[in-house]
Amino acid sequence: MQYCVDLPEEISKLAKVKAQVTDVKCVIMENIEKGLDCSEKIELLVDKIREPLLTSTRFQRVRNENDKKDVVSEHED
């Protein structure tokens with residue numbers, strides 16, 4: 001207690017540093033939240049892209065199988 005009475009400017013400096021630390025913590029938390037939001041949005045985009053790609057890949061596979069069947073049937077004739 002005596003320290004606080006004798007050196008009030010040190011207490012003021014400490015209060016400023018604590019306030020700065022609190023501000024930095026708030027900025028860090030906001031950045032983490034924004035990062036998580038972006039991650040969720042990216043995940044949604046990937047899901048939206050993945051389905052058409054899978055469908056396209058399945059279509060190509062079926063088409064290739066049909067082409068192979070056509071080639072085999074041509075040689076059988």
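## Briefing on a predicted helical chain

Asp 47 and Arg 50 both sit in helix 2, three residues apart, which is about one turn of the helix, where helices (H or I, at least four residues) and strands (E, at least two) are DSSP runs numbered from the N terminus. The model is predicted, so that local features need pLDDT of at least 70 and side-chain atom pairs count only at pLDDT 80 or more, while totals for chains, interfaces and linings use all residues. Residues are numbered from 1 along each chain as its sequence is written, and side-chain values use heavy atoms, with hydrogens and water left out.

**Overall make-up**

- The chain has two helices and zero strands, and helix 2 covers residues 8-76.
- Of the 77 residues of the chain, 0% count as buried, where buried means under 20% relative accessible area, exposed over 50%, and partly exposed in between (1.4 Å probe, protein chains only).
- The chain exposes about 7,400 Å², of which carbon and sulfur atoms supply 61%; accessible areas come from the Shrake-Rupley method with a 1.4 Å probe, and for residues only the protein chains shown count as cover.

**Salt bridge**

- The structure holds one salt bridge, a term for a side-chain nitrogen of Lys or Arg within 4 Å of a carboxyl oxygen of Asp or Glu.
- This contact joins the side chains of Asp 47 and Arg 50 at 3.3 Å, N to O.
- Asp 47 is partly exposed, with a relative accessible area of 40%, and Arg 50 is likewise partly exposed, at 42%.

**Surface patches**

- Patches are made of residues with over 30% relative accessible area and no salt bridge, with like charges joined within 9 Å and nonpolar side chains (Val, Leu, Ile, Met, Phe, Trp, Tyr) within 5 Å.
- Val 24, Ile 28, Met 29, Ile 32 and Leu 36 make a nonpolar patch of about 460 Å²; Met 29 lies in helix 2 and is partly exposed, with a relative accessible area of 48%.
- Glu 30, Glu 33, Asp 37, Glu 40 and Glu 43 form a negative patch; Glu 33 is found in helix 2 and counts as partly exposed at 48% relative accessibility.
- Lys and Arg count as positive and Asp and Glu as negative, with His and the chain ends not counted, and the place of a charge is taken as NZ of Lys, CZ of Arg, CG of Asp or CD of Glu.

**Cysteines**

- The count comes to zero disulfides, a disulfide being a pair of cysteine sulfur atoms within 2.5 Å.
- Cys 26 is partly exposed at 42% relative accessibility, and Cys 38 is partly exposed with a relative accessible area of 46%.
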